[in-house]
Amino acid sequence: MNLLSNISKPIYLSLVAILIFLRFSVDTIFYYILSQDSFIFSYWTFFSSILILSAFIYYFFSEQFEKNNIEYPNEKFVYDFTRIFYLQLFLYLLVIFLPNNDKFYSFELPYFKFLISDVSTIFFALVTIYLAWFMFIWLIRKKHKRTKLYLKIIAILITFLLVAELANYVFFNSLFLNDLISIYLNDLISIFLLTIYVLTLLVTKKNNWITQLDRKPKIRLLLVSLVNLILSLLLAVSVIDSDGFLSRNTINFLSGANNFLGAVVLALNAFSLRIFLAVIVSLPTATIVERKTSEVFSLTYLNKFIAETTSKTANEILRMVTQLALNASGSTAVWLEVYNNGTIDIGATAQISPELIKDFHSDKRIGNIFTTIEKPVLVESVPENDEIKSFLNYFPFANTLIAIPLFQGAKRFGTIVAIDSEEYGFEPEDVAVLSAFADNVNLALENQRLLQESIEKERYRSEMLIAKRIQKELLPQNLPEFSKFQLAAYSSPAEEVGGDYYDVARFADGAPCVLVGDVSGKGMSAAFYMAQLKGAVHSITPQVNSPKDLLIKLNNILFGLMDKQSYITLVCLKLDENNDSVTFARAGHPPLFLKKSSNLQTIKPQGLGIALVGNELFSNYIEEVDIKLSDGDIIMLITDGVNEIRNSSGEEFNFQRVSDFLLSHNSSAQKLLKQFLHNIDEFKDGASQIDDLTVFTISFGCYNNKRG
Amino acid sequence: MNNSNFKIDKKNIDDFVILSISGYLDAHTAPLLEQELEKSVKDECYKIIVNFSDLDYISSAGLGVFMAFIEDVRQNGGDIKLTNMKEKVFAVFDLLGFPLLFDILNEENEAIAKFQGN
């Protein structure tokens with residue numbers, strides 16, 4: 001086999017062709033030389049036949065062994081089985097239309113008939129071997145427990161038939177054959193043929209695959225197996241019956257292979273019978289099976305598709321769903337309409353022009369008919385339904401329709417409309433299938449929406465982080481150091497960004513200017529105003545020399561620039577190192593806490609919040625105070641986030657606790673700040689911070705040397 | 001804070017609107033009060049009294065709401081008068097300088113009298 005498989009296919013076929021040509025040539029020579037059948041002719045036909053048949057058998061079966069693992073789909077079987085029908089039909093036409101040999105001996109025929117019979121016999125042998133091969137590989141594919149055993153028995157029986165027959169005709173026929181042996185032999189042959197028939201019936205057992213076929217191939221298989229059944233029977237009779245056309249030709253030209261060939265044709269008959277019966281039994285379920293397969297396929301595909309929606313747009317989803325709905329329901333056309341604020345848009349269409357649907361939607365009377373349905377609707381006959389008969393004006397082929405509403409939450413956002421050209425063309429199952437689709441559409445769109453949302457959230461989050469970083473940089477990273485004043489500050493927004501502000505700037509005369517402020521509200525809007533405030537502070541401070549003037553000018557700039565309901569509270573301190581004093585002004589902000597030895601004061605000069613009122617009122621009202629300082633004095637500025645801190649039992653921190661803290665602590669600015677923050681944390685006891693919070697501490701004088 | 005912590009009761013007496021607010025007025029609940037005031041302005045009820053007797057807390061955003069409407073209301077010959085504030089709530093108004101901008105009174109009646117006196 002290895003030796004032969006090295007020979008390429010064309011060369012092999014050419015050799016076979018030469019062999020056949022040789023056969024005909026020699027036959028022709030014999031025809032003209034010999035006047036009657038002789039041993040020489042018998043031997044010749046015997047050996048040449050063996051050679052040709054072996055060549056064919058080898059050709060087909062070696063290929064099968066090589067391609068043992070290739071796919072042989074059920075649809076291809078139907079196709080191949082149809083081809084067998086054509087081959088058989090052709091053979092049978094030969095039987096009918098070729099002149100029957102009334103003479104037993106071939107040499108008594110005219111040359112024309114002689115040659116035709118010779119050719120047709122070779123053709124017949126060829127077809128038969130193809131049949132055997134075809135059945136063999138199919139049965140191997142669909143094998144069951146005993147397939148191999150049965151096939152082996154059949155092979156042995158067929159081989160025996162071939163050898164016995166050939167021997168019979170070649171060696172005994174021409175001799176005086178004992179009548180008794182002949183009778184026994186014929187009986188044996190009949191028994192063998194019958195056994196082969198039964199075995200083939202048994203081996204062709206696994207026919208479940210037929211139920212899985214679609215309706216069309218199934219009907220085709222029904223017809224093909226029926227005609228194959230009839231034709232193989234006719235051919236078998238013709239080859240086995242010793243008076244038959246094929247029989248006589250075979251006896252003459254394939255020296256006694258007729259029972260071998262007959263066995264194959266009989267096997268085909270059994271084979272066809274089994275398949276025919278299997279198709280008949282499974283036929284009523286064909287439509288259902290076809291539909292179910294298609295449904296399962298589409299739903300599976302849809303689910304897979306939904307799992308992959310991450311990369312799909314909503315439109316792609318609608319398009320895919322529409323196409324799959326068409327496949328699953330077997331309708332003529334499907335479209336998906338989408339509702340946006342009272343308008344009807346076409347989400348996707350399958351097998352129908354969007355123009356038609358647009359025309360339909362523009363019909364004021366009927367165009368919005370689907371927008372109000374709350375449940376799936378099946379109209380089995382559109383022409384018989386007065387309500388939507390005019391639907392046919394737009395879709396003449398829509399004799400049946402299904403409409404499935406799509407919901408997103410409680411909102412009706414669209415409809416799947418499936419139409420069929422056949423009245424009563426839809427089954428209730430179709431409604432169920434399309435409804436399942438509708439659920440999946442919602443799922444897919446919801447998935448897609450959630451994904452988009454999370455992407456946006458992520459982007460928002462990263463932008464907030466950037467904002468947070470930027471805002472942190474708006475606050476001084478390091479506070480300046482002075483010989484008499486020590487400063488420390490802490491600020492923490494309740495959200496990523498906030499509206500609290502502190503800063504140290506310089507007045508026109510070079511004196512330090514300490515500011516603590518709070519923009520109303522919190523979050524992003526407050527953060528923007530805070531940035532604006534900082535800009536204004538730094539542009540104005542170098543032009544003024546007092547806190548009051550600074551606040552007035554700030555109000556002047558910011559009033560009108562800000563929302564009516566937004567405002568800023570601000571305190572401003574001018575540190576005067578020459579006179580050991582501070583000047584203080586307040587714009588709506590919590591008071592200044594001053595600790596002088598064991599005495600605590602809250603200082604609250606009057607002043608409106610910034611950007612609440614116009615400048616006249618603001619400047620008339622605002623006051624400024626000078627505070628004389630001595631060694632060890634402590635000043636603390638806070639925003640309302642501090643006094644409004646609540647602990648888990650809802651208690652407020654209050655100004656009182658700020659005062660109490662200061663009375664019981666004596667440290668330089670930085671240490672004091674640390675202690676104060678610790679104090680706050682202890683009070684909060686795990687409760688969350690609801691407002692932005694800022695603390696600014698200033699210590700004066702003698703702490704200078706013990707700072708740390 | 002969720003909205004359930006803040007409530008507004010509205011009643012009309014003659015041409016006065018009296019809004020009794022209770023609970024927490026902060027950035028989250030401020031829009032409710034804003035809507036109510038907006039409605040009054042739209043209905044051309046410019047004599048507005050806000051009763052704070054049951055209000056426990058007001059934040060800077062809550063204060064801002066009054067600023068948003070006061071100009072409009074006064075231009076139409078009306079006013080927003082605030083009454084019955086708890087001490088703590090008044091302190092917040094006071095800090096910001098609101099007593100200069102608004103009539104803050106002890107009782108609703110005083111506010112009505114003040115409106116009628118005008």
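Trainee: How many residue pairs are in polar contact between chain A and chain B?

Mentor: Keeping in mind that this is a predicted model, the count between chain A and chain B is 5 residue pairs in polar contact, both residues of a pair being at pLDDT 80 or more. By class, the side of chain A that touches chain B has 9 nonpolar, 8 polar and 6 charged residues.

Trainee: And what's the count of salt bridges between chain A and chain B?

Mentor: The count there is 1 salt bridge. B:D94 pairs with A:K604, and their closest N and O atoms are 2.8 Å apart.

Trainee: Ok, and how many residues of each chain are in contact?

Mentor: On the chain A side 23 residues are in contact with 20 residues of chain B. The area buried between chain A and chain B is about 2,000 Å², and carbon and sulfur atoms give 60% of that area. In chain A, the residues that lose the most area to chain B are A:K564, A:Q565 and A:Y567, which together make up 28% of what that side buries.

Trainee: Switching topic, what does chain B look like in terms of helices and strands?

Mentor: Chain B has 5 helices and 5 strands, and along the sequence they follow the pattern β-β-α-β-α-β-α-α-β-α. Of its 118 residues, 52% count as buried. Among contacts in chain B between residues at least 6 apart in sequence, 68% join residues at least 24 apart.

Trainee: Which residue forms a salt bridge with B:K10?

Mentor: That is B:E36, with the closest N and O atoms 3.4 Å apart. B:K10 lies in strand β1 (residues 6-13) of chain B and B:E36 in helix α1 (residues 30-42) of chain B, so the pair ties together parts that are 26 residues apart in sequence. B:K10 is partly exposed, with a relative accessible area of 35%, while B:E36 counts as buried at 17%.

Trainee: And where does B:K47 sit, along with its partner B:D15?

Mentor: B:K47 is in strand β3 (residues 47-58) of chain B, whereas B:D15 is in the loop between β1 and β2 (16-25), and the two are 32 residues apart. They form a salt bridge with the closest N and O atoms 3.4 Å apart. B:K47 is partly exposed, with a relative accessible area of 25%, and B:D15 is also partly exposed, at 43%. Elsewhere in chain B, a network of salt bridges links B:R74, B:D79, B:K81, B:D103 and B:K114.

Trainee: How many salt bridges over all chains, then?

Mentor: A search of the whole structure finds 22. One within chain A joins A:K484 and A:D580, with the closest N and O atoms 2.8 Å apart. A:K484 is in the loop between α15 (428-474) and β6 (485-492), and A:D580 is in the loop between β9 (568-576) and β10 (581-587), so to speak distant parts of the chain, 96 residues apart. Both count as partly exposed, A:K484 with a relative accessible area of 30% and A:D580 at 23%.

Trainee: What about disulfides, how many over all chains?

Mentor: The count comes to 0 disulfides.

Trainee: Is helix α9 of chain A enclosed or exposed?

Mentor: Helix α9 (residues 245-253) has 9 of its 9 residues buried, so it is largely enclosed by the rest of the structure. Among those buried residues are A:F245, A:R248 and A:N249.

Trainee: Last one, what does A:T147 touch?

Mentor: Not counting residues up to four places away in sequence, A:T147 touches A:L139, A:K142 and A:V203. A:T147 is found in helix α6 (residues 147-173) of chain A and is buried, with a relative accessible area of 0%.

Key:
Residues numbered from 1 in each chain as written. Chains lettered and ligands numbered in written order. Predicted model: local features only at pLDDT ≥ 70, side-chain atom pairs only at ≥ 80, totals over all residues. Heavy atoms only, no water. Contact = heavy atoms within 4.5 Å. Buried area = accessible area lost by both parts, 1.4 Å probe. Salt bridge = Lys/Arg side-chain N within 4 Å of Asp/Glu carboxyl O. Polar contact = N/O pair within 3.5 Å; in protein donor to acceptor, adjacent residues only side chain to side chain. Nonpolar A, V, L, I, M, F, W, Y, C, P; charged D, E, K, R; others polar. Buried < 20%, exposed > 50% of the residue type's maximum accessible area, 1.4 Å probe, protein only. Helix = DSSP H or I, 4+ residues; strand = E, 2+ residues; numbered from the N terminus. Disulfide = S-S within 2.5 Å.
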